[in-house]
Amino acid sequence: MTRRFLVIALVATSLALADAGTRARAGLPAADEGAIVHALSRLTFGPRPGDVAHVRAVGLESWLARQLEPARLDDRECADRLRGLPTLTLSIGDLQRAYPRPDKQTLQMVRSGEMSRRDLMERLPADKRPARITAELQAARLIRAVESEQQLQEVMVDFWFNHFNVHSGKGEVRWYVTSYERDVIRPHALGRFPELLRATARHPAMLFYLDNWLSARPDFVVAAGPNRGRRAGLNENYARELMELHTLGVDGGFTQRDVTEVARAFTGWTIDRPRDDARFVFRPRMHDAGGKVILGTRLAAGGGEAEGDQVLARLARHPATARFIAGKLVRRFVADEPPPTLVDRVAATFRATDGDVKEMLRTIVASPEFWSPDARSAKIKKPFEYVASAVRAVGGRVETQGGHALARAAAEIGEPLYDAQPPTGHPDRAEAWVNAGALLARMNFALALTQGRLAGVSVDLPRLIGDAAGPPESTLGRLLTAILHGQATAETRSVLTAQLGEPQIRRQTPDDRGPVIPDVEKLAALVIGSPEFQRR
Amino acid sequence: MLTRRVMLKAGACALLATAVPPRFLARAAGAAGARRKVLVAVFQRGAVDGLSMVVPHGDEAYSAARTAIALRAPRRGDSATAVDLDGFFALHPALAPLAPLWHSRALAVVHACGSPDTTRSHFDAQDYMESGTPGVKSTPDGWLARTAGRLPAPASPFRAVALGPTLPRSLRGDAGALAMHSLERFDVRAASEAAVARKGFESLYEQGVRDLLHGTGRETFEAVRMLKSARAARIPPENGADYGRSTFARSMRQIAQLIRADVGLEVAFADMGGWDTHVAQGAEEGQLANRLRDFGQGLGAFVQDLGDRMSDVVVLTMSEFGRTVAENGNRGTDHGHATAMMVLGGGIRGGKVYGRWPGLARERLFEGRDLAVTTDFRALFTEVAVRHLAIAPPVDLFPGWHGTPGPGVMA
């Protein structure tokens with residue numbers, strides 16, 4: 001009982017302090033429990049047991065400073081857990097050699113029906129199939145989300161991957177994604193937007209996914225290779241999504257004419273040896289060397305490769321881009337409908353710092369909008385966030401195999417990682433994720449997790465709640481504190497308290513005489529499947 | 001805007017106060033039972049090339065604009081060529097399973113159909129088509145949700161269902177629409193005593209605030225019970241229907257199961273991606289042909305499976321826009337404007353390609369490059385929804401639109 005009062009008192013103080021935070025614009029509010037839980041729910045994949053106390057001890061300000069410098073955090077334990085995923089460190093060329101696509105003759109046999117898909121699968125040992133590359137990436141993402149100390153870095157990797165989405169199921173992209181995330185997204189996740197943009201534009205994964213590698217000046221004839229003699233020409237796909245989704249935003253003021261002109265500027269940006277080492281190359285012979293007009297600016301003829309870089313630099317510095325990126329960041333960290341005042345300030349930070357992601361995050365976390373009571377629990381967790389946060393909440397540990405199991409769970413709830421076909425990536429809004437089938441899948445994941453049915457994910461509930469021998473009500477109280485941190489509504493408390501009366505939940509000892517031991521697994525699943533835990 | 005949803009939730013709460021089964025069964029019986037008209041909307045996401053799907057071989061500018069990817073003119077008896085419809089248009093050969101429907105007048109095509117908005121953004125164009133308000137992003141609900149909301153009570157929890165992992169924009173809003181990607185997995189599954197867990201979760205979502213999350217939770221459990229008692233997931237395909245293995249066909253198969261299970265389905269939604277053929281689109285064979293084959297097989301099997309029940313069902317296909325008339329530099333097509341949409345099922349005047357053909361000569365093209373729109377999609381959607389589902393006036397499914405329903409595809 002005292003504990004519950006304590007929780008209520010803490011919530012009350014946290015509300016009062018949120019007000020204080022509103023007044024103190026530049027700094028972070030004092031580290032009361034509610035504020036810490038809020039910060040952890042937005043800047044990490046959710047608190048683990050002990051995290052709130054840790055942040056209270058080191059202070060929110062210095063905790064955030066450390067999260068913004070992930071390279072200085074000791075993450076060896078997480079790295080150990082990734083050792084069972086050998087593809088993560090391989091180059092594109094090594095991946096192509098280690099996980100080769102079926103040869104032409106075999107593919108022809110499958111196409112003609114001579115060989116069934118099943119036969120094809122049986123010929124390829126499971127650990128040599130190209131699909132393995134994606135499976136390992138998915139597992140790694142889940143392992144990192146749960147286990148890594150570099151939580152904010154991981155949150156930003158997810159954010160930027162969706163922003164600069166590529167689909168692993170499209171052609172050669174499967175062999176390129178590992179490098180794309182490792183060499184492009186991760187190094188720049190907390191870096192500068194213009195550099196991140198430049199790196200995505202040159203990576204084979206993006207060049208292939210949005211077809212730019214094939215885009216050429218009109219009447220270009222392929223001179224050598226398997227497509228020798230074939231005519232090629234302009235392809236608008238990358239140019240359009242570059243402006244609509246990567247930089248300016250759909251309302252950023254570009255026209256169809258701009259799309260065509262930008263596409264012309266990027267002709268010749270292609271992939272050398274796409275089925276081997278697959279490196280970026282600029283091929284002057286494919287390039288449309290004529291003059292161009294882009295967003296009202298004239299580019300002189302003969303700009304060559306530098307022309308594409310000029311376009312990227314101009315787009316990265318365009319005010320519409322600052323606003324578009326700011327809006328998406330505020331949506332991720334504050335609310336589905338981003339408060340315009342905060343978007344303005346983050347956009348101003350973008351412009352003042354040349355798109356410094358850290359500075360934009362600092363602006364967000366120091367804002368009254370971030371700490372506003374309206375923002376608390378305002379976001380519905382994406383399936384990936386939900387799965388990772390559930391494992392973290394119960395102090396679960398993830399082995400290699402567990403990474404695969406958690407990735408499958410996120411897919412079942414609606415978010416198969418690296419498998420978003422449209423270039424928008426996975427959405428970041430509640431209405432995309434709240435529906436009947438997905439909600440059931442969330443509940444079923446909660447049950448599988450707490451009942452120990454996910455191979456490679458270990459959960460020690462008795463340790464989480466300490467002494468299970470006390471009265472069932474206090475067991476429930478400890479579960480709620482550990483998983484929901486005092487954010488359970490009165491309704492949820494009373495429903496779960498009523499559950500304790502269920503004979504199947506209120507399990508007796510075998511001889512019916514001993515103490516009542518509630519079904520902690522089911523109770524924990526109910527808490528993880530509760531409405532409160534779907535939010536962050 | 002929340003009226004129906006709130007009523008439904010209030011109903012669900014009352015349900016729990018009394019003993020659950022009798023009230024529920026009574027309501028289910030009222031809501032289901034009688035056979036209802038069903039509208040199935042199928043979205044081809046990514047902008048299908050209408051000029052390859054329903055080929056205007058009679059327009060001489062067609063093959064001139066596409067050196068590598070134009071389909072050859074149909075030749076009678078040669079199943080490798082397109083299937084002639086009326087001497088001017090032909091069906092892509094991969095859609096051959098739909099040809100018998102054309103001949104029995106159960107399939108109509110509306111060509112040069114699309115949106116008056118000129119965006120070539122997939123995401124905006126899909127949003128506009130699904131909200132039903134071209135150029136307006138703030139519309140809170142989807143056109144199918146508004147359609148379902150106009151149907152008379154009693155509403156089943158299965159009145160409006162989307163097959164897939166997320167609820168599409170078309171069905172967002174006040175209709176209490178369900179999204180599910182598997183009928184079989186639509187239940188709480190536990191190591192033991194799943195019923196206890198189900199009851200626990202259900203109670204958690206019955207309490208508290210009336211927000212999206214709780215509302216969805218309440219509707220979910222009502223639907224779970226209903227689906228279990230109807231054993232919908234166990235209904236096998238009939239009449240020798242072979243759906244194949246595509247995800248789209250699986251969606252269509254499950255829609256057929258819901259129709260056969262008589263759970264009160266009135267509006268269904270399925271979608272299929274992979275139409276964004278910027279590179280190596282192919283002609284009679286190839287990438288687009290493979291997609292169309294899955295598409296045609298799924299639709300064809302659906303019709304065959306339902307047999308006589310198709311007299312109550314209309315399928316309407318749509319896509320956010322079409323593709324450039326000319327092929328691009330990579331034997332593909334870029335984002336265009338108008339496309340072709342299909343209507344199939346009972347009570348339609350099929351065997352005809354509707355819509356004024358604007359022509360493919362360069363001077364007839366929209367912005368000099370794309371097939372022009374001559375039928376506003378809202379005219380088609382209104383005609384199909386209002387006539388098939390017998391929606392009483394006023395005909396206001398599309399806010400801000402005052403056009404005339406058409407083009408006359410409903411009998």
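## Strand pair in chain A

A:Ile271 stands opposite A:Phe280 in E4(A). This is a predicted model, in which local features need pLDDT of at least 70, side-chain atom pairs count only at pLDDT 80 or more, and totals for chains, interfaces and linings use all residues. Residues are numbered from 1 along each chain as its sequence is written, with chains lettered from A and ligands numbered from 1 in the order in which they are written.

Strands E3 (residues 269–272) and E4 (residues 279–282) of chain A pair in the antiparallel sense over 4 bridges; pairing requires at least two DSSP bridges. Helices (H or I, at least four residues) and strands (E, at least two) are DSSP runs, numbered from the N terminus. The hairpin of E3(A) and E4(A) has 6 residues between the strands, and A:Arg273 in the turn has a positive phi of about 50 degrees.

## Domains

Domain bounds come from an automatic or database domain assignment. Chain A is divided into domain 1 (1–67), domain 2 (210–335 + 337–370) and domain 3 (461–534). Over C-alpha atoms, the centres of domain 2 and domain 3 of chain A are separated by 52 Å.

## Contact between chains A and B

The contact (C-beta atoms, placed from the backbone, within 7 Å) takes 49 residues from chain A and 45 residues from chain B. On the side of chain A that touches chain B, the elements giving two or more residues are helices H14 (237–246), H23 (430–433), H24, H27 (490–499) and H28 (520–528) of chain A. H24(A) provides the largest share of that side, 8 residues.

Conventions:
Contact = placed C-beta atoms within 7 Å.
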